[in-house]
Amino acid sequence: MTVSVCSAEDLPALVASAAALFAEDGGRHDPFMDTGWPDREGPGYYAGLIADPDCLCLLARDGGGHLVGKLSRPDPLRPGIVRAVLESIRVAPERRREGVGGALVDAFLAWARERGANEVSVTAFAGNEPALAFYDSHGFRPFLVTLTRA
């Protein structure tokens, strides 16, 4: 398994992995999630991220999955923070428990460090216990909790 930074030629694989994430995660945990968004809007969105130096798009080769990370804009309420946001990550079901997710996160953390980030964040659905356990195993801890109601 090889983790590498996406190029323009990787756009179809990145969009396909993102579409699978929307279906598997968002479609399961959020009844309002537009699971068709990656097919409609994904090519333009992810092409822009691939070209943006403040974004990181990674692929785990051989269909293993992807990771998208970004540097966030400065926050005037927390002026000392340089935050890197892990926007999305997916590992193909047949490749889970092989270290693919860990390799993607490690590459993201190295990228964030190189850019001076002193905080990294990720969001996950509260009902996605495997994702929460994965993030916990990589040092992520709850910071903010968002509560919703219909």
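This is a predicted model: local features need pLDDT of at least 70, side-chain atom pairs count only at pLDDT 80 or more; totals for chains, interfaces and linings use all residues.
# Notebook: rings, strands and one glutamate

I started with Phe 134, which has 24% relative accessibility and therefore counts as partly exposed (under 20% relative accessible area is buried, over 50% exposed, and partly exposed lies in between, using a 1.4 Å probe and protein chains only). Numbering starts from 1 along each chain as its sequence is written, and side-chain values use heavy atoms, leaving out hydrogens and water.

**Aromatic rings**

I searched the whole structure for aromatic pairs and got seven. In one of them, the ring centres of Phe 134 and Tyr 135 are 5.6 Å apart with planes at 65 degrees, so I logged the pair as edge-to-face (Phe, Tyr and Trp rings, the last by its six-membered ring, pair with centres within 6.5 Å; planes under 30 degrees apart are stacked, over 60 edge-to-face, the rest tilted). I then checked Tyr 135, and this residue is buried at 9% relative accessible area. Tyr 135 also pairs with Phe 140: their ring centres lie 5.8 Å apart and their planes meet at 70 degrees, so this pair is edge-to-face too. Phe 140 is buried, as Tyr 135 is. Elsewhere, I found Phe 22, Trp 37, Tyr 45 and Tyr 46 linked into a cluster by ring pairs.

**Ends of helix H4**

I looked at both ends of H4, residues 129-137 (helices, H or I of at least four residues, and strands, E of at least two, are DSSP runs numbered from the N terminus). Asn 128 caps the N-terminal end, with a side-chain oxygen 3.1 Å from the backbone nitrogen of Ala 131. Just after the helix, Gly 139 has a positive phi of about 90 degrees.

I went to E3, residues 65-71, and found the strand mostly covered, with five of its seven residues buried. E2, residues 55-60, runs antiparallel to E3 and is joined to it by six bridges (strands pair if DSSP finds at least two bridges between them). Within that pairing, Cys 57 sits opposite Val 68 of E3. The E2-E3 hairpin has four residues between its strands, and Asp 62 there takes a positive phi near 65 degrees. What joins E3 to E4, residues 83-91? I noted seven bridges, again with an antiparallel run. Lys 70 has Val 85 in E4 as its bridge partner.

**Glu 119**

I placed Glu 119 in strand E5, residues 119-122. Skipping residues up to four places away in sequence, Glu 119 touches Arg 78, Ile 81, Val 82, Arg 83 and Ala 84 (a contact is heavy atoms within 4.5 Å). With Arg 78, the side chain of Glu 119 also makes a polar contact of 2.9 Å.

**The chain overall**

To finish, I stepped back to the protein chain, which has four helices and five strands. Along the sequence they follow the pattern β-α-α-β-β-β-α-β-α. The C-alpha atoms fill a box of roughly 40 × 40 × 30 Å along the principal axes. Of the 150 residues, 34% are buried. Among contacts with a separation of 6 or more, residues 24 or more positions apart account for 63%.

Notes
A polar contact is a pair of N or O atoms within 3.5 Å; within protein, one must be able to donate a hydrogen and the other to accept it, and residues adjacent in sequence count only if both atoms are side-chain atoms.
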